[in-house]
Every structure is written in C-alpha cells, then in structure tokens.
Amino acid sequence: MKAPLPTVAGVGPSCRWLRAGPWKTVLDFFKEQYTQVDVETWITRMAKGEVMDETGRYVDPNTPYRVGACIFYYRELENEKVIPYVENVLYQDEHILVADKPHFLPVIPAGRFLHQTLLVRLRKNHNPGLVPIHRLDRETAGVVLFSVNPRTRSRYTSLFRNRKVRKVYEALAPTLDAAWIPTTRRSRIVRGEPFFRMKEVSGEANSETHISPLLNLGRNSLYQLVPVTGKKHQLRLHLAALGIPIINDKLYPVMSRSDDDDFSSPLKLLAKSLSFQDPLTGQQHYFESGTKL
C-alpha cells in the first residue's frame, strides 16, 4: 500500500491498522494505544494534516473509528540520542545504493531510534525513496544494500531470497584450538527469551555458517564467517556455541543488563563484503566495507 503522506526530512510515515474494538473515534483509539503521547499532541498533528487514512482522507479528532482502516502518521521522538558515527556510500546507480554502516546505527527506525538510523540519514542526504533490501543488527557494522527504483526492486530482493548473494563477515573472538578450525556450524535456531534473543535447540538444522581463521593475534583471533542461511543473530550464536563468543557481545552467551551504548566497545562483528551478479546488467558486483575490527 502506498502511503498517502510524503517522506519528510528522511522520515516516512508510520501506519496502524484498526482492529475491531469499542472505540468511537480514531482519536479514542490512539489515546488508549499510545499512552506515551498526550491527546494535545495528536490533535496538533491532525490539525497540521499529518494524520491520514489509506484513502488519503485527513483524520481529525471527530473522525469515526472504522474497522479495517489503515491510519498513517509521523512518529516523533524527544531527546533522541545522537550516534556519533558516519555512514559512507560505496556505490550508487539508478537501481541500487550500497552503504557502509557504522556500529550502533540501526538500519531502520524502531523503538528509541528514528532520525539516528541508516535509512533516514540516507533518505535525507541522498534519495527519499530508498528501501533496504536486507538488514544488519544495530550492533553490526558493514555493507548494506538499498533499492533506489521500485520498478526493479523485486529483481534485487530475489537475489537474497534465492541465496545468490555471497555475504562475508569478519569477527574478532577468542582463539580456538586449531584442530577445530576451519569448521561449519549447523544448528536449529528459534526465538528465545526475552523476545529479542535467539537460541539453539535440538532438531533439524535451519542455519549454517562456514568459519575460518584469518589472523591469530594470540589470545584472540580474526575469523572469516560465511553464512549460508540468514537467521537472526546466527553468527553471534554460532560462535558463542563454539565457546568463542564475539568480543563485546552483550547478548551471547550471557545477556548484559545494561541498555546504555558503550561507544568505546563495539561488537567486533563486521559485514565485510557483499557480492552478486547484477540481475539487470549481468555485471559482477563486489562491495567491501572500509571498517576495520
């Protein structure tokens, strides 16, 4: 569905589908569902024409609640923390843009991050119509591919869906006995607790990573990781399961209780390179991050 509200300063509108319920107006629904936003703020947004339904009609404080409607609006965050790292654009043509993402910067807006995200920064500075083709964890740095042209977007997303993209990562982790390296880790990964963590369980494997040493630094080593599959937190889980958790990992094997970012201690995981054959031109692409672990 095409949003009826435009992208402003890199920020696209959010949306909310209206389910069955007792609310008489859209404002009643928003008051109950978004308790962190006061009523006056919603009324002000409506008065400025910043709340619309899927048909392009403006929503005001008296707009009746309609089950099945989709309401578009702009998220706003107060006191959003600035992430003091800058992304770099590695390549751009009429179809794709490739960016080198720094550590700590989310790819897309979510939760406490809006303007301080790779997508919003790139939309603001390069192209308001950008859409990410794949994602990286906020803590992970490296190469991310974006679509520029909606008419050719599906050709690039199909590359990832059909596993025609070679993704190579690097990680700094404790040195493992050479007898175990190189190795391939296969396991079954499912959602864990809390909801943002994953875990390995018994059963048919749904994840696979090839792991090879690149440089022995003594206590720690630099590893090359080539994922065959793309499960959430796959690389972090697989190294932790081998007894060599990635340096500065706050989730695996044990979760840190601190929510504050320590910019001096980034997760030592890097999406080093991305390579594929262009589905439109047949050209072989290779993009490499300039970040060093």
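A salt bridge is a side-chain nitrogen of Lys or Arg within 4 Å of a carboxyl oxygen of Asp or Glu. Keep that in mind for the views below, which show a predicted model where local features need pLDDT of at least 70, side-chain atom pairs count only at pLDDT 80 or more, and totals for chains, interfaces and linings use all residues. Residues are numbered from 1 along each chain as its sequence is written, and side-chain values use heavy atoms, with hydrogens and water left out.

**View 1. Asp 249 and Arg 236 meet in a salt bridge.** The N to O distance is 2.8 Å. This pair links distant parts of the chain, with Asp 249 in the loop between helix 5 and strand 13 and Arg 236 in helix 5, 13 residues apart. Helices (H or I, at least four residues) and strands (E, at least two) are DSSP runs, numbered from the N terminus. Both Asp 249 and Arg 236 are buried; buried means under 20% relative accessible area, exposed over 50%, and partly exposed in between, with a 1.4 Å probe and protein chains only.

**View 2. Glu 87 and Arg 121 form another of the 14 salt bridges in the structure.** Here N and O are 2.9 Å apart. Glu 87 sits in the loop between strand 3 and strand 4 and Arg 121 in helix 3, so the pair ties together parts that are 34 residues apart in sequence. Both residues, Glu 87 and Arg 121, are buried.

**View 3. Asp 261 forms a salt bridge with Arg 138.** The closest N and O atoms are 2.9 Å apart. Because Asp 261 lies in the loop between helix 5 and strand 13 and Arg 138 in the loop between strand 6 and strand 7, the pair ties together parts that are 123 residues apart in sequence. Asp 261 counts as buried at 16% relative accessibility, and Arg 138 counts as buried at 16% too.

**View 4. Lys 268 is buried yet has no salt bridge.** Its nearest side chain of opposite charge, Glu 170, is 11 Å away; Lys and Arg count as positive and Asp and Glu as negative, while His and the chain ends are not counted. Leaving aside neighbours within four places in sequence, Lys 268 is in contact (heavy atoms within 4.5 Å) with residues including Glu 170, Ala 171 and Leu 293.

**View 5. Strand 8 pairs with strand 13 and with strand 12.** Two strands pair if DSSP finds at least two bridges between them. Strand 8 (residues 166-174) runs antiparallel to strand 13 (residues 269-277), joined by six bridges, and Val 168 has Ser 273 as its bridge partner there. Six bridges also connect strand 8 to strand 12 (residues 220-227), again in the antiparallel sense; in strand 12, Tyr 223 is the bridge partner of Ala 171.

View 6. At 42% relative accessibility Cys 15 counts as partly exposed, whereas Cys 70, at 1%, counts as buried.
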